[in-house]
Amino acid sequence: MSDSPQKLDLAAVRARLEGARGPEYWRSLNELSATPEFKEMVEREFPRQAIGWSEDENPDQGRRNFLKLMGASLALGGLAACTRQPTEFIMPYVRQPEDLIPGRPMFFATATTLNGVATGVLAESHEGRPTKIEGNPEHPASLGALDVYSQASVLGLYDPDRSQTVQLNGAIRSWPYFVTTFRDQLAQQKAKGGAGIRILTETITSPTMAAQLKAVQAIYPQAKWHQWDPAGPHSARAAAMLAFGQPVNTYYDFSKANVVVSLDADFLNSGPASLRYARQFAQRRRVGEGGEKMNRLYVAEPFPTPTGTKADHRLLLRAGDIEKLAWTLAISLGVAQGPKETDNGDINRWTGPVSRDLEENKGACIVIAGEQQPPIVHAVAAILNEKLGNVGTTVFYTDPIEANPVDQVASLNDLVKDLDAGAVDLLLILGGNPAFTAPVELGMRDRLKKARTRVRLGLYDDETSEVCQWHINETHFLETWGDARAFDGTVSIQQPLIEPLYNGRSAMQLLQLFTEQPDTTPYNIVKNYWRDQHKGLDFEQWWRRSIHDGLIAGSALPPKTIAVRGEALATRVAPEKLAGKFEVIFRPDPGVYDGRFANNGWLQEFPKPVTKLTWDNAAFISPRDKQRLGINSNAGEMLKLTYQGRSLNAPVFVQPAMAEGTIVLHLGYGRTRGGNAANGMGFNPYGLRTAKALWHDVGLEAVKTDGEHAFAATQDYHALDADNADRHIIHRGTLAEFKKNPESVHEGAEAPPRSLTIYPEWDYSKGYAWGMTIDLNACTGCSACIVACQAENNIAVVGKDQVRRGRIMQWMRVDAYYQGSEAAPAIYNQPVPCMQCENAPCELVCPVQATSHSSEGLNDMVYNRCVGTRYCANNCPYKVRRFNFFLFSDYETPSLKLLQNPDVTVRSRGVMEKCTYCVQRINAAKIDSERENRKIRDGEIQTACEASCPAQAIVFGDINDPNSRVAKLKKDERNYSLLADLNTRPRTTYLATLRNPNPEIEA
Amino acid sequence: MADQQVVERPTEEQIIAPGYSFASVTDQIAAVVLTKHTPKFWFAAFSAALGLLFLFLLAVGQLLVYGVGVWGLRTPVFWGWAITNFVWWIGIGHAGTLISAILLLLNQRWRNSINRFAEAMTLFAVACAGMFPILHLGRPWLMYWLFPYPNTMGIEPNFRSPLVWDVFAVSTYATVSALFWFVGLIPDLATLRDRAKPRILKVAYGILSLGWRGSARHWSVYETASLLLAGLATPLVLSVHTVVSFDFTIGIVPGWHSTFFPPYFVAGAIYSGFAMVLALAIPLRQVYGLQGLITDKHLDNAAKVMMATGLIVGYSYIMEAFAAWYGGNTYEMAAIAHRMFGPYKVYYWILISCNVIAPNALWFKGIRRNSALLFVWSLIVLVGMWLERFVIIVSSLAQDNLPGSWRLFHATRWDVFTFLGTIGLFTFLFFLFIRALPMISIFEVRTLLPQSRVKEEVQG
């Protein structure tokens, strides 16, 4: 290189200038810039270290290295982005897809499943990305409403922690490589008839998958299929065998029930038909509309559930005592023999009046047993319903909806036996998380390792994947085809909304590998199955119609009449006594369920009904047990729980309205390998849960131990009476009083006259005037509205620490208030969105007019203009404003960007936000109506909370339209404004809640 | 400083010690500035202040990088220490203007020896106060949106919001205080110019003194300007804290929404302002040996003002509780009950001891005349007044209308650091001031001398 001047790079320039200071520095720089080397360097445009040139390649910065690095970063970039890059054309739609108008969302019908049972949904898609899940109004399980799990499933789709690759022992492998090895294994099994093959699935109702499994068993007759769902209806299955001698599916019609007795059944908020039940139940709570008789609900339960909060009579019984109540009712109604009195005075007080009430409403009442109650309680309930003539009017039996309704504990035990015998060569685990959720005594985590080859299909690389050699990344239900049955057997076709983000595979695809057509696409798998099923000639049309509607018309299983076997109630086992110990109760968590949703920030962060706890489970104890356990504070002290020789440390949360002597543990927490949001949250009650006592048992010992836990609950215990009576937060009364004097529910509350202001009135009478009513008599406090709002409005998840610091961002909240003694109070729920006050205190004080009133009465929030003085939030008496104390919105994670609703601003740090009545939906409807030169129709706009509400407690509309539902409801005698005495004139008003107590018990 | 020997201990009622001459007054005050030997305690105090100032920069840096979430703010307590500090500092600033303007108009000659540093204190306190409304914004870089500047979007601030009134009140106050202070400095700057030895100081003081030569015409213009500014500043003493109190009274938060806040806040402001004057004057006159100029009579007078305003404040507390009870409003009653017996009761009862019980000790001359005790008392008052604002703001917000939203505020270390930091900033500025400018008005103190009075009498 002697002929060319020495090459320069930035480091060399720096080296030359080093030591030069002040004038000298500039001189040196000048001198240097005049040299040919420097000029060459400038000409080359890029300093040499950026790209290694050929001649002077060195090991650190050469071309080869460059290529290596680029290759690696491409690979890594591919990993991080992890979308299969389709052929990319950057051009406008030359051929615009049919129906697609950029900027307008499209809705597709599909279905979500929980424990295998479907709920029909409509997925909102913006330019190809699903952003929001709504209920499918035509689906019997949804009726347009949606629960929290399905709402949040769209976040699960974009969860950055989802597993994104096929792995063998943690190393990335290709799908074809897996297929080859898998088919090799199958070939070996062929000779043995598949004797070494075991398939472990969750509960399956999918007809297609059932057919696939049958096909597998046809090819490999010795292969076995096992099912395990930790929070499935184990008792109901066993009860069907006990009561009817055959598997039976039960569902109810609450719209015809005048009296409902719930034996620890949270039918309004859990179970595959709870949305429908809540709708039917709420219809019977509306007074003044239709003139139907208001129903009466008796609930006996150990722990407050949304259903319990609606009870006209709520009896606190520990889970084991529910059976006692069931028996006494049976005895009292003459279907069983025995003493009418029990040792429990509360039960005795109830039995007479409740049985009389039931008898008076023969054929129009329901006795419903909780899913977590033992089979005998279900059997008693079945006999009572039969005796009361409810079967066929309010209670319906059908053939099972599950493909194979086996006793799942036995099924799991069979698998364990085979594992121990070394008989399992190939174990295929499709979904679920058995290593985490199986009964503790099975030691599933280690037992699974006894299978020679373990293949796991899962959304997450979780605790089960950890003990499997193969992990296949599963497709989310929004990414693939499928089908499933609803509570009544109605089949929904699940259609995908998006290409698999991470090239995942579905369970159907894995099962297809057993067959001779291993490459059949999920679409064809489902379609082929239904082509075989559908007999008519119009298959294509029928198929399109079924997909479009989200359900196969007429696929509901026909109700059948079966008599309860006489010997069902033959044996009565004496209930076990507490004997100084505690009763342990396991329940699926209202947020993370059995643990499957543990990495879903929305489900972790929405305050759970009644407890208002976020991001945690707890050892819930009754206030009466505090002293006995030596607990001083209401939350955070630690207990050592010992049951059947296993122990667990759990933090205490004192929960009013809980049965004495019980400790309730919610499953699903304590994940160790569940993703960033799941790991390290809460403790794992599966560590105490045995097959013998899946739901409850006596014999738990609890001892206070050292340590402290910080909970993130969003609300403390507040009583409606005592100090707060004069605030008139929840207007309430009994049906009898209300009928006598409708004003009685508002007694004592004041509302100043409209003239009481020195400002001139704004005339809202022209155009639209948006308003909302919330029927407290219908609201169950299920909190689906919170998650719906979060999904619709791009509300950030802030994490447990920030929730503890009071920075939760959800616009909607559901307050819970207690009335009566702390140990056994009545509970009232109150959803609180923005009240959209006409005299809004927030608007007056904003110095920059970032929150101002629209002519339609909306209290608008201008995020752009907000400087963040937070004065508006201070001055809001309803405290519905939320402030971005930090940059809470995720601006970084690529997959989460796809989730955002493009019609709603993603808020930055330092900005106030709040409920806007879903102004984006209002404006979309206005554009539509203006184009069609008409007014917006009533019901055309549904706010996200309204749409999700199963009880239809929330009604939104134009109060200027006298025929709108909301205008009519505002004329209802129960209508009132929260904190009306402040003269804020809220547009959101409430309908007072009424109880319909049985005068016999009341006295 | 040989002259000091001549000065005798002033008797109780004297506002300047006998024995001072025009020259010795000038010598003693100017010497503090013009000496080459900066005293050790100055360095000590200054470096402590500098340390706190760095803490302030750290805290503010943290705040600007991450957001106001670094403080303990939460739903529903959206205002916490920042607004407490703002009101506290603004209140402290009041004493300076009161002394320089109102006492000037009322012809209270004893003010002459304390008005200069009291005014400086005002300025620095307002500087500290003025930062908080900006720092506490979610997006502080947009604070200019609070000003009615012409813009293409045609948006102006919301003139119904008390926060906009605050912007005007505080900025007017800061401007007038600064002007008043500077105009009052001109004759003394000229004195320093004439006395300074190094050329650089001569030039600097020369520029600042605006060509003051002390001619009769200058004095005449000066007196007019000074009176006019005093006239301007007088209503400000009342208006600023009145407007600050509107930040609360305009809100409908129970515990804020009350009509007597303006007089109550003004009294409280003067109360804490005089406490700060005492807290500064007592150690200063000790270390600089200025007992002859800032006499016990000054302290006594200041203590009396402090006591009088303290009693008004105490009365306000009683009226607050009475009005809540008499008004019968359930929210107001609950707010007062929460203050007294709720989660913040400790703060409340400490502030009651500081602001209601403690000032009554000042009925006794023995305490008023004991400068060490008075110093302690002034600190008690400062603590009490800070707590008063804290309790008003935080306790009212924490438990307002809907119990379901009630939550308590817990300060973080960044809250504490920011507050300590402004104390550092204040001290830093104050020590710069006493080193670079005469902390006592030379020419005004000279008018207190018997010599000046004799001449007037002769002439009269």
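Modeller: A:A826 lies in strand β30 (residues 826-832) of chain A; strands (E, at least two residues) and helices (H or I, at least four) are DSSP runs, numbered from the N terminus. The model is predicted, so local features need pLDDT of at least 70 and side-chain atom pairs count only at pLDDT 80 or more, while totals for chains, interfaces and linings use all residues. Residues are numbered from 1 along each chain as its sequence is written, and chains are lettered from A and ligands numbered from 1 in the order in which they are written.

A:A826 is partly exposed because 19 other C-beta atoms lie within 10 Å. The cut-offs are 20 or more such atoms for buried, 12 or fewer for exposed, and partly exposed in between, with C-beta atoms placed from the backbone. Apart from neighbours within four places in sequence, A:A826 is in contact with A:Q819 and A:G820, contact being C-beta atoms, placed from the backbone, within 7 Å.

Twelve residues of domain 3 and 16 residues of domain 4 make up their contact. On the domain 3 side, seven are nonpolar, four polar and one charged. Here Ala, Val, Leu, Ile, Met, Phe, Trp, Tyr, Cys and Pro count as nonpolar, Asp, Glu, Lys and Arg as charged, and the others, Gly among them, as polar.

Elsewhere in chain A, strand β17 (residues 482-485) runs antiparallel to β18(A), joined by four bridges; two strands pair if DSSP finds at least two bridges between them. A:R485 stands opposite A:V491 in β18(A). Five residues lie between the strands of this hairpin, where A:G489 has a positive phi near 95°. In a regular strand the side chains alternate between the two faces of the sheet. Strand β18 (residues 491-494) is covered on both faces, with A:V491 and A:I493 buried on one side and A:S492 and A:Q494 buried on the other.

For A:Q644 phi is near 55°. A:Q644 sits in the loop between β22 (635-643) and β23 (646-654) of chain A and is partly exposed, since 16 other C-beta atoms lie within 10 Å.

As for chain B, 40 of its residues are in contact with 42 residues of chain A. Helices α5 (162-195) and α10 (330-341) of chain B each supply at least two residues of that side, α5(B) giving the most, with three. The chain B side divides into 24 nonpolar, eleven polar and five charged residues.

Helix α9 (residues 296-327) of chain B has 32 residues, so at 1.5 Å a residue it should span 46 Å; its end C-alpha atoms are 45 Å apart, which agrees. The expected span is 1.5 Å times one less than the number of residues. Just after α9(B), B:G328 takes a positive phi of about 75°.

Conventions
Two residues are in contact if their C-beta atoms, placed from the backbone, lie within 7 Å.
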